[in-house]
Amino acid sequence: MRRILRRMSAAARARMGAWILRRQGRDTDGVVLRRGRIYILPTTLGLAYAAMVFAMVIGGLNYGNNLGLAFGFLLAGVGLTAMHHCHGTLEGLALRLHATESAFVGYRVTFRILLANSAVAPRPRIEISTDEARAVPADVGAGATVESELSIAAIRRGPVPLGRYEVATRHPLGLFRAWAVVHPDYRAIAWPQPATRGRPPPAVETDTGGAQDRARGDDDFVGLKPFQLGDPLHRIAWKSYARGNGLHVKQFAGTDVTSYIFDWDSLAGLGAEARLSQICRWVIDAHDRGEAYGIRLPGTTIEPNIGRAHREHCLTALALFEVPAGHG
Amino acid sequence: MAEPGTALRGLGWALAALAVAVAAHVGKLPAWASVSVIVAGSWRYAAAQRGSRLPPRWLLTLAAVGALLVVIATFRTVNGVEAGTALLAVMAAVKLLETRAERDLTVLVFIAYFLLYAALLRDQGIARLPLLLAGALVATAALYRVHGGIALTAPVNVLSRTVALAWPALPLALLLFVLFPRLPGPFWGIASGQSSRTGLNDEIMLGDVSDLSVSGEVAFRVRFDGPIPPPAQRYWRGPVLHEFDGRRWRRPPAQSFPQQTVTWLGAPVDYQITLEPHDRPWILALDLPAAWPEREARSTYDFQVVARQLVTRVTSYRLRSYPAYIAGAELPTSLRNRDLRLPSQGNPRTLAFGRELALESADPMAIAGAMLRKFRTEPYHYTLDPPRLAENAVDEFLFETRSGFCEHYAAAFTMVMRAAGVPARIVTGYQGGEFNPLGGYLLVRQSDAHAWSEIWVAGRGWLRVDPTAAVAPDRIERGVRASVADAPALTRIWEDSRLVSQAQLLWDYVNDFWNERIVRFDARMQFSLLQRLGVDEPDWRTLGLGLTAVLAAFFVGVSAWLAWTFRAPQRDWPERLHRQAAVRLARRGIVRRAAEGPVDYLERAAAHCPDLRVDLLSIRELYVALRYGPAPADEDLRLLKYRVGRLRA
C-alpha cells in the first residue's frame, strides 16, 4: 500500500514537474526564487492543525463559549502567519551550482548547490531533494551562503543529469511546506566501473623523448621542482622538505621513458563495456604509480600525460564514449 | 526523522506546554490524571537525559487500555468536558512513554492545545487569560523548536522568535472575534457532566456546614434600571424547599400544582441579572419576580424563576420584580397539605413546642411573632461554625446548642410553624449584596447565600419571615461578615481594610467588564458595536464584508511585514552618494585614480573646480562624518544628497 502510494506520489511529482517546466521554463544556472515559482500546501500536520482549529471554532460557536472561539481564532492566526512565514523563508533565496563531483559507477555523484541568503533574517531548514536523493536540511543564516549536497547513485556509465530538483522548507511550525522546482542543466559524470586488477597493462609503446625530456622517464635524477597538486606522492623529496625547503618533487629524465597508450583495439575479445572497464582500471593504476599514459578509443585519442586533470579527462572520455555499432 | 536514542529536539518544550495545560485544570482534574502526566513527563525527560530505552509496545497498550478504563470507571462516560479532559491528560501521559519521533511530539503539542481549550470550556474568567496565552505560546514554541532550525537552542531565543513569528495572530484573532457571526443557539445539545461548580443546592442538610458561606466567589451581578432596593429588600429567590424528613429539607421533584395568583403592589423594580455559571437552572430573582424572558425561563408554582437550560456559562436575564405583593391569597388544599406535612417521628420537643404555640393563639402572625421573640430573647447565637447535630437535629438546635446560621433558624422556624398548623416552607437563595460604585452594579457572592421562611396567612398570602434577622439583624443589613463574631481577628482586619476592599471592588469591576463585554459578547452586542462604529444597519452581509476586509488586510499586512523581515541589508548611502559624485566629476574630466582615497580625490577636485569648491569640501566633510563619525545624523545624509545633487550640470 505504502509502496503504491509512494509510486503514485513520484508519478504526481513528475507530472507536476513537467507542468512547472512548461510554466517557468528551463533554468540557467543561478536562480533566485521569486513569488511566482513558490508553491505552498499544508502538511499532514497542518491539516490536523486545521481540523483542530476548526473543531475549536465550531465548539466555541456552538456552546457560545466566546473565549474558546477566540482561542480558536488565535491558533488560526498563528497558522496563517506561519503559512506566510513558510513562503517567505523561500522567497528571495538564491541557488546556484557550486561544483559537481563525478564518480565511478556504483558510487554516488554529488552536486554541490549553493544556497545564498542575502536577507537580514535567517532561512532555516531548507531541504533540497530530487526524486531519489535528499540533502540534509540546511540552515542558511542571515547574509550567509551554505552548500547543500545532493548525492545521486551512479548506476550507468555516462552523464548523470540533474534535470530537476526541489527546494522546500517546513519552517517555522511544520504546518506548511513551501517548495519550488528548479530545472537546471547540471550534469555529473559516472565513470566506468573499473575492472578488477589482474590483466597486466600493455607493453610500453612509445618513447617520445630523449635524455633531455624533463617531463618523462624515471632513470636519472635531474633536479627538483616545486610540488603541484597531481604530482605523484612517491616523488616528493622528503629530505628536502625536512630541511625546511618546502615541498618539492624529484624530477627524472632518461631514455627509458615509460609511457603507456591504453588501446581499445588491444582488448579484442572483450565486450565494449568490459574494454572500457579495463582501460579505466589501467588509467587509475597508472595514475597512482605516477606514470604517463594516454588512451586510444575508436575516434578519440588522448596523448600521454600525467596529473589529476589528465586522469579526469581520460575517465570522462571513457564515460562518454559511445560504443560504435558492431561492438555491442 | 526518528532519532535512535530517546533524546528529541523540542521534547522539553512539549513537556512545558503539557505542564501549563494541565496547570490550567488544576483542582478540576482528578488527582490521578495530573499525577500520571507529571510522572510520565518527568520519567520521559529523565530518559532523554540518560538515553535510556522506552518501554515496549505491549506495556504501552496495557497502559492505554488501563487509562481508558480508569476514566470510564470514574466518570461512567468519556463524553463531556470533565471526562474528556481527564482522558486527554492520561492519553498524554501514555503518549509520553512512546514519544520517539517528531510526529509523537506534535501529538503531545496538540493535546496541550486541546487541554488549554478545554480549560476555557470550564471557566472563561479573566484570571485564566495569562495562563492560557502562556500555554499557547509554549505549545507553539514547541512546534517552532522542532521545525525552526537546528542552531536555535537558548530557550529565550526560542520564545522571542516564536513571539516574533506569532504576534500578528493577536490582532487578527481580536478582529475575527468581533466580526465573526455568532449563532443564536447551539447546533447540538450540551453534554452535562458531573458538575463541580459551587452554587445553591436544592436541599438543606441540618448539621452540615455549607461551603457556600465561606466562598468569596461571585454568584451574580445585578444592574438596576432605577435605584437599588434597600438591603432589607434584597432577597434573591432560589429553590423553595417543601419536604422535610426530620433532618433534610428538599425541593420535591417537579410536580404540577396550580399557579397561584399574585397581586402586585407598589412600584416595580426592573433589572438585569448576570449569573456566573453554576450548572443549575435557578435564576435568582428579587423577591417576588413578576416578569422574565419567556423563551429562556419559566416560573414555578412557588414563584421561583427557572431557566430552561442549565446555566453553564455566564448568562444575563432581564427581570421585573415587585418588592410588595400579595402572593397566593387562596391556598389550594393540595398545596396546603404539602406545606403542613411533618415526618411521623423525630424532633418530639419541637413538635410539642409548635402545638403549644398553636394553643396560645390561632393567629398565624401571633404564632410567628412568638417564635421570633423566642429567638430574639433567648441566648441564640449566629455562627458559621455550629456544633454538629445528631438524630433529632431540630430539637438539639432549638433547645440545646442554640447556635447556627440561617439554615438552622429557617429550618427550625418552618418546622415549628407547621407543627402549629401554619403552612410554611423554606426559601433558599441569596440575601444582600455589595454595591460596586465603579461599575454601578450590585455584586452578590456565594457567601451571601441565605435561607428564610415563608408562611401562609389567609388573605395576605405567602409572607416572608426571616428568623435569622431576629437573631442577627446585622446579617440582613450588613452581610455575613459583619454578623459573624468568631472570625479570626487578623482576617477581619484584612477584610475590613479600606484599601483591600477597594482593590477587591476594582478587581470585581474588571471581572464584570470582562464578563459583560467579552464572555457574553453575542450577535446583539456585535450589531450595536457596529452601529457605534458608524454602520447604519448592520446585518450578516456587513459582517461578511468586514471579515473579508480583515482577512485581506491581514494577508497584506503580514506580507509587508515579512518583506521587511526578509529585507536586504541597508544600503550604504554615503558610499553610493560618493560614487555618484565621482561619476559626475568624471564627466568634468576629474577621474578618481586607482590609489586615491575619497578625501584626497575630493580635495583634488576642489582644487580643479573653484566653482564647486564649497560643495566639494562640504561633501568631503559630510562623507567623513557619516562614514567615520561617532553618531551619523540623518540630517547630514540629507545635506550630502543636496550637495551631490548640485554637482549635476
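Two residues are in contact if their C-beta atoms, placed from the backbone, lie within 7 Å. Keep that in mind for what follows.

This is a predicted model: local features need pLDDT of at least 70, side-chain atom pairs count only at pLDDT 80 or more, and totals for chains, interfaces and linings use all residues. Residues are numbered from 1 along each chain as its sequence is written, and chains are lettered from A and ligands numbered from 1 in the order in which they are written.

Chain B, then. The secondary structure has 24 helices and 21 strands. Those are DSSP runs, numbered from the N terminus: helices are H or I with at least four residues, strands E with at least two. Of the 649 residues of chain B, 38% are buried. Buried means 20 or more other C-beta atoms within 10 Å of the residue's own, these atoms too being placed from the backbone; exposed means 12 or fewer, partly exposed in between. Take the contacts in chain B with a separation of 6 or more: 73% join residues 24 or more positions apart.

Next, where the chains meet. 47 residues of chain B are in contact with 41 residues of chain A. On the chain B side, α5, α6, α7, α8, α18 and α20 each supply at least two residues. Which helix gives the most? α5(B), with 8 residues. By class, that side has 36 nonpolar, 8 polar and 3 charged residues. Ala, Val, Leu, Ile, Met, Phe, Trp, Tyr, Cys and Pro count as nonpolar, Asp, Glu, Lys and Arg as charged, and the others, Gly among them, as polar.

Look at α20 of chain B, residues 540-565. Its 26 residues should span 38 Å at 1.5 Å a residue, and the end C-alpha atoms are 37 Å apart, which agrees. The expected span is 1.5 Å times one less than the number of residues. B:Leu543, B:Phe554 and B:Val558 are buried in α20(B). What covers the buried residues of this helix includes α3 of chain A and α8 of chain B.

Now a helix pair. The axes of α12(B), residues 393-401, and α13(B), residues 406-419, come within 10 Å and cross at roughly 105°. Axes are lines fitted to C-alpha atoms, for helices over the stretch in contact; angles run from 0 to 180 degrees between N-to-C directions. So α12(B) is roughly perpendicular to α13(B), a label for 65 to 115 degrees. α12(B) brings B:Val394, B:Phe397 and B:Leu398; α13(B) brings B:His408, B:Ala411, B:Ala412 and B:Met415.

Note on methods:
Angles under 35 degrees count as roughly parallel, over 145 as roughly antiparallel, 65 to 115 as roughly perpendicular and the rest as oblique.
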